[in-house]
Every structure is written in structure tokens, then in C-alpha cells.
Amino acid sequence: MQDLANKLGLRTNPQIFFWSAGLMLFFLALLLIFPGPIGSVFAAGREWITTNLGWFFVLGVTVWLAFLAWAALSRYGNLKLGGADDKPEYSNVSWFAMLFAGGIGTVLMFWGVAEPISHFSEPPFEGVAPYSAQAAEDAMSFALYHLSLHTWAIFTLPGLAFGFFIYRYNLPLRVSSVFYPLLGDRIHGPVGKTIDVAAVLGTMFGLAVSLGLGTSQISAGISALTGMADSTVLRVGIVLLVAVIATFSVAAGLDKGIKRLSNLNISIAVGLMLFVLFAGGQTVFLLRSLVESIGVYASSIIPLSFWNDSLAAYTDPEGWGWQASWTVFYWAWTVTWAPFMGVFLARISRGRTVRQFVGGVLLAPAAFTVVWFVIFGWSAMASDGIDGQGGPISTAVADSGASLAMFAFFEQLPMATLISGIAVIVVVLFLVTSADSASLVVDMLCSGTGEMSPLRQRLFWALALGGLAAALLLLGGDEAISALEEVITVIGLPIFILVCGMLAALLVGFRREGPLTTVVVSGRPPGPSAEADPSSREVVSGEAAAEGAAVRTATGKVPEHDAGASGPERDKAPPAG
């Protein structure tokens with residue numbers, strides 16, 4: 001495989017790259033050749049997972065959130081993701097814009113109106129009347145629960161794990177590196193490679209689903225603006241166009257491409273949000289609702305974090321209930337972003353402490369999400385008529401699905417056509433940003449380094465992502481969103497288990513830090529003393545740190561991996577001296 005990589009001019013780990021690419025192309029071929037049988041397999045898999053393991057998803061994400069809060073507030077919050085001299089590479093504003101645009105920008109655009117309106121018209125709790133004031137309050141509580149702190153906990157945990165082990169232990173920039181405390185040197189062997197290949201495939205499928213959902217919204221917007229039919233052909237054409245545009249940003253790299261697009265995205269999105277706040281005629285109501293919704297969210301987050309509709313076995317003919325299509329789908333979908341977002345967040349966060357990282361990645365986007373949902377969600381519900389019989393937005397969602405929700409809402413505002421056009425542009429930019437940052441990160445997961453790789457590698461992943469998203473849209477046809485939900489629930493389970501393992505690895509890594517400041521490179525955790533006899537150092541996986549291994553103090557920097565290396569040699573720590 002190394003010879004083939006050299007002939008193709010690739011600078012990557014050939015085992016991870018070719019296995020990931022080969023399996024992805026194999027699955028892509030199966031989706032195109034046997035769409036019916038493959039769809040049936042995913043539908044059956046989703047039903048089994050939601051019925052038997054829905055509780056695992058609900059409990060797991062809540063545990064992750066609690067762990068992150070503990071990590072930030074404990075003494076481990078002072079640990080730095082990197083050496084003592086490492087400084088943050090990006091300003092706080094650019095950092096926030098990049099993590100937001102690379103994260104759930106498309107999600108907020110898609111669900112900002114659709115989710116509150118969906119719960120408003122079809123309340124999750126028994127006995128709550130549709131379109132009532134209680135239904136509106138419950139709708140906002142669920143929207144914030146799904147897309148605020150819990151969603152960002154799914155991103156923050158792997159990001160913290162990547163930053164901690166990769167920068168403090170000088171390990172390759174791969175998912176397997178996070179499991180060093182549990183697997184030892186086996187992360188460099190078949191077990192580690194299997195983890196990395198699974199992470200790449202899960203990430204590609206998760207991002208393809210996101211592209212599919214975003215494309216459905218763009219297609220609905222174009223249909224509303226131009227009268228064109230909202231068809232599968234249009235959606236596939238849009239997703240391929242997005243992939244092509246993303247290749248240009250991929251070619252520009254992280255600083256020039258993704259950073260500039262992210263800053264542009266967040267600026268337009270904030271402008272759109274302010275327009276809704278001040279031009280919709282609901283300014284005072286929305287400001288009052290913002291204050292009240294924060295309190296409602298704070299009071300409901302604990303019960304919702306553990307509610308998993310257990311009585312559905314007796315009250316719902318499907319056996320699982322409402323959460324199968326909402327909470328479990330959200331967590332399964334979001335966790336497929338975990339490897340991508342984890343590496344991306346770690347890549348842009350070197351030099352920040354654990355407390356700064358958790359506070360910035362978890363709290364800042366969550367706070368923005370609260371404001372976004374209050375402004376868009378409450379505006380839409382008020383426009384449809386609280387304590388009424390529903391209105392045009394609810395009707396549009398019921399008739400045409402969630403993709404049309406945002407544009408049906410804009411029809412109730414001044415300059416509806418202009419605002420709808422701007423919204424389409426924002427969704428396109430968010431999709432492009434997600435696609436190009438994902439392509440860079442997937443390439444990093446294969447190469448094990450944050451250094452810029454040959455352009456052909458990055459372009460391959462960008463175009464492959466577009467092709468996979470197009471195939472999933474073809475698989476779903478007119479029922480694309482339902483089909484995407486089925487696929488992502490199945491793909492999300494193994495990734496969810498991996499992230500649970502990351503939490504365990506971080507606990508072990510934190511415990512081994514202790515009060516000391518020395519860290520042995522080459523994947524070894526801190527020993528009792530940098531000058532101690534090698535035989536007295538802490539043993540990991542039955543092996544002590546080798547005598548003369550390089551060490552890093554609180555004021556020193558870890559040597560970097562050779563950016564030009566490839567294959568197994570890249571996995572090894574740099575020699576001492």
C-alpha cells in the first residue's frame with residue numbers, strides 16, 4: 001500500500017486512507033445498485049436501535065455533559081491543550097465563528113423554525129393541546145434541549161480528548177490516539193487502524209446526511225422563490241454544486257478558505273437574526289420571551305435530560321414513541337460529527353486550557369443557540385397564533401415537511417423574497433464551510449498530522465462527500481429526510497460507543513496528570529519524575545517508558561511530527577534529542 005501511495009503522490013497513512021476510501025466507495029456502489037434492499041436494512045436497524053437502545057443515547061449524552069462540567073470546574077481545568085508556551089492561534093471572535101460555522105450553522109437554519117413549529121402543532125407530551133400556550137412553551141424547551149448544551153457536549157467531549165492526548169502526548173492526529181490510556185501501543189496496530197477507519201466512515205456518512213438535509217432546505221427555498229419543482233434531481237444537483245464549490249475553499253486551506261467563509265457566514269446569520277427581531281413586529285415580545293425561555297430551559301433541562309418516554313411501551317403502538325424520531329435521531333446524527341468536530345476543534349484550539357476550551361466550545365455556541373431559537377421559534381409560533389388553530393407555517397410543515405418551515409415563516413415578514421434569497425445563500429455558505437472543513441479533517445484523520453497535505457487528497461474527500469450525499473438523496477427519493485434519519489441512526493451507534501470510550505480515556509489521562517508538569521512524549525503518560533530512573537516510571541500496558549525518552553516540561557514544547565512522513569513511521573513519536 002505504501003508503494004501505491006508513493007506512486008499516487010499521497011502523503012498519508014496508506015492503510016487508513018485506502019481502506020477508508022475503498023469501503024466508502026463500496027458502500028456508495030451498494031446504495032446506487034441496491035437502493036431498495038439497503039433501505040430496508042437501515043429501516044430495520046433503526047427500529048431495533050430506537051426500541052432497545054434509545055435509553056442509552058439519552059443517558060449517555062447527559063453523562064457527557066455532566067463530565068465536561070466537572071472537568072472544567074475541577075483542578076484539571078487548568079491543564080493546557082499543548083505545551084506551556086503554546087498560545088491560541090486564533091482570536092476569540094474568529095475561533096467562535098469557525099467552530100460555529102463548522103458545527104451546527106446548517107442545523108440552526110434548518111430546525112430554527114421547523115422544530116418549535118413541529119412540537120407546537122404536535123405536542124410531545126400527552127394531554128397538551130396543539131397550538132396552546134403550554135404547547136408553545138414545551139416546544140421551546142425541547143428545541144433548546146436538543147440543540148443547545150447537549151448537542152455541543154457531543155462536540156466538546158471528543159474535541160477535548162483530541163486536544164488533550166494529541167498535543168500533550170504528541171500522538172498522531174487520529175481518533176485512535178485518544179484511546180492510548182486504554183490500548184497502549186496497540187493504537188499503532190490493527191486495532192487502532194480499525195478505529196480510525198470506522199471513524200472516517202462514520203464521519204463521512206454523518207456529514208453526508210447533514211448535506212442532504214441542508215440541500216433539502218435549499219431546494220425548498222429555490223422552489224418557493226422560483227416555482228421550480230422541489231425534486232430529487234434538483235437536490236442532487238445542488239449537493240454536487242456545493243461539493244464543487246467546497247473544493248475551491250479546500251484548496252485555499254484552513255486560514256484563507258474556512259476562516260474567511262466562517263466569518264462571512266456568522267455575520268450574515270447574525271444580520272438575518274437581527275432583522276427578524278426588529279422587523280417582525282414582535283420585538284418586545286421576543287425580548288420578554290428570551291428572559292423567560294432561559295428560565296424555562298434551566299428548569300426543564302434536568303427532567304428532559306433523563307426523560308425517555310418509558311411508558312410508550314404501553315401507550316404507543318410503535319413501542320418506543322416520540323423520541324425515536326427526535327431525541328434519538330438527534331443524538332445519533334450529531335455523534336457522527338464527533339470525530340470531525342473533535343479534530344477540527346482541537347486543531348483550532350491548541351494553547352487553550354481545559355476550562356477555556358469547555359467554556360468556549362460548550363457555553364458560547366449554546367448561548368447563541370438559545371437566542372437564535374427564541375427569536376425564530378417564538379416569532380414563528382406567535383405568527384401562527386398561540387392559543388389558536390394553527391396557521392400557514394404549521395400547514396406548510398404538515399404538507400411539505402420541515403425543509404419549507406423557514407421560508408414559510410419568512411413569507412410572514414417584510415421583504416419576504418429578499419430575505420428568503422439571503423437565507424438560501426446562508427445555508428449554501430454553511431454547507432460549503434461544513435463540507436470543506438470536513439474534507440480537511442477527514443484527510444487529517446487519515447494522515448495523522450495537522451499539516452497541509454497534497455491538494456489531490458483533500459479534493460478527493462470533498463468530492464467523495466458530495467457523491468455520498470447525492471447517493472443518500474437518491475436512496476430516499478421523495479422521502480429523503482426519513483431515509484436519512486434511518487441511515488444516521490444505524491451509523492451513529494458505533495460512533496456513540498467510541499465517544500463513551502473517549503470519556504473513559506480522559507478520566508485515566510486526568511488521573512495520571514496528578515500535580516506534576518512533565519509529560520513523556522511517544523505516547524507515555526506523565527511519570528513520577530522526569531529525572532527518575534526508567535524502571536520507576538509508571539507502566540502502561542505492561543511497558544515502561546523507554547530510557548532516554550524525550551520529556552516535556554511545563555515550559556517546553558513537544559517536538560512536532562515530520563510533516564513529510566507517511567505510513568507507520570508517522571505514527572511513531574519523534575526520537576529523543
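User: How many residues does helix 9 have, and what is the distance between its end C-alpha atoms?

Analyst: This is a predicted model, in which local features need pLDDT of at least 70 and side-chain atom pairs count only at pLDDT 80 or more, while totals for chains, interfaces and linings use all residues. Residues are numbered from 1 along each chain as its sequence is written, and side-chain values use heavy atoms, with hydrogens and water left out. Helices (H or I, at least four residues) and strands (E, at least two) are DSSP runs numbered from the N terminus, and the expected span of a helix is 1.5 Å times one less than its number of residues. Helix 9 (residues 190-226) has 37 residues and should span 54 Å, which agrees with the distance between its end C-alpha atoms, 53 Å.

User: Is helix 9 largely enclosed or largely open, and how many of its residues are buried?

Analyst: A residue is buried under 20% relative accessible area, exposed over 50% and partly exposed in between, judged with a 1.4 Å probe and protein chains only. Helix 9 is largely enclosed by the rest of the structure, because the number of its 37 residues that are buried is 28.

User: Which residue follows helix 9?

Analyst: The residue that follows helix 9 has a positive phi, near 85 degrees, and is Gly-227.

User: What percentage of the residues in the chain is buried?

Analyst: The chain contains 21 helices and 2 strands. Of its 577 residues, the buried share is 62%.

User: Which helix gives the largest share of the nonpolar patch?

Analyst: Patches are made of residues with over 30% relative accessible area and no salt bridge, where like charges are joined within 9 Å and nonpolar side chains (Val, Leu, Ile, Met, Phe, Trp, Tyr) within 5 Å; accessible areas come from the Shrake-Rupley method with a 1.4 Å probe, and for residues only the protein chains shown count as cover. Trp-55, Leu-59, Val-63, Ile-302 and Phe-306 make a nonpolar surface patch of about 500 Å², and the elements giving two or more residues to it are helix 3 (35-73) and helix 11 (283-306). Trp-55, partly exposed at a relative accessible area of 45%, lies in helix 3. The largest share, 3 residues, comes from helix 3.

User: How far apart in sequence are the parts that Arg-350 and Asp-86 tie together?

Analyst: A salt bridge is a side-chain nitrogen of Lys or Arg within 4 Å of a carboxyl oxygen of Asp or Glu, and the side chains of Arg-350 and Asp-86 meet in one at 3.1 Å, N to O. Arg-350 lies in the loop between helix 14 (338-347) and helix 15 (354-384), and Asp-86 in the loop between helix 3 and helix 4 (92-101), so the parts tied together are apart in sequence by 264 residues.

User: Which residue forms a salt bridge with Glu-89?

Analyst: In this pair the closest N and O atoms are 3.3 Å apart, and the link joins Glu-89, in the loop between helix 3 and helix 4, to a residue of helix 14 that is 258 residues away.

User: What is the relative accessibility of Glu-513, which meets Arg-168 in a salt bridge?

Analyst: The side chains of Glu-513 and Arg-168 meet at 2.9 Å, N to O, linking helix 20 (residues 480-513) with helix 7 across 345 residues. Arg-168 is buried, with a relative accessible area of 8%. Glu-513 counts as buried too, because its relative accessibility is 2%.
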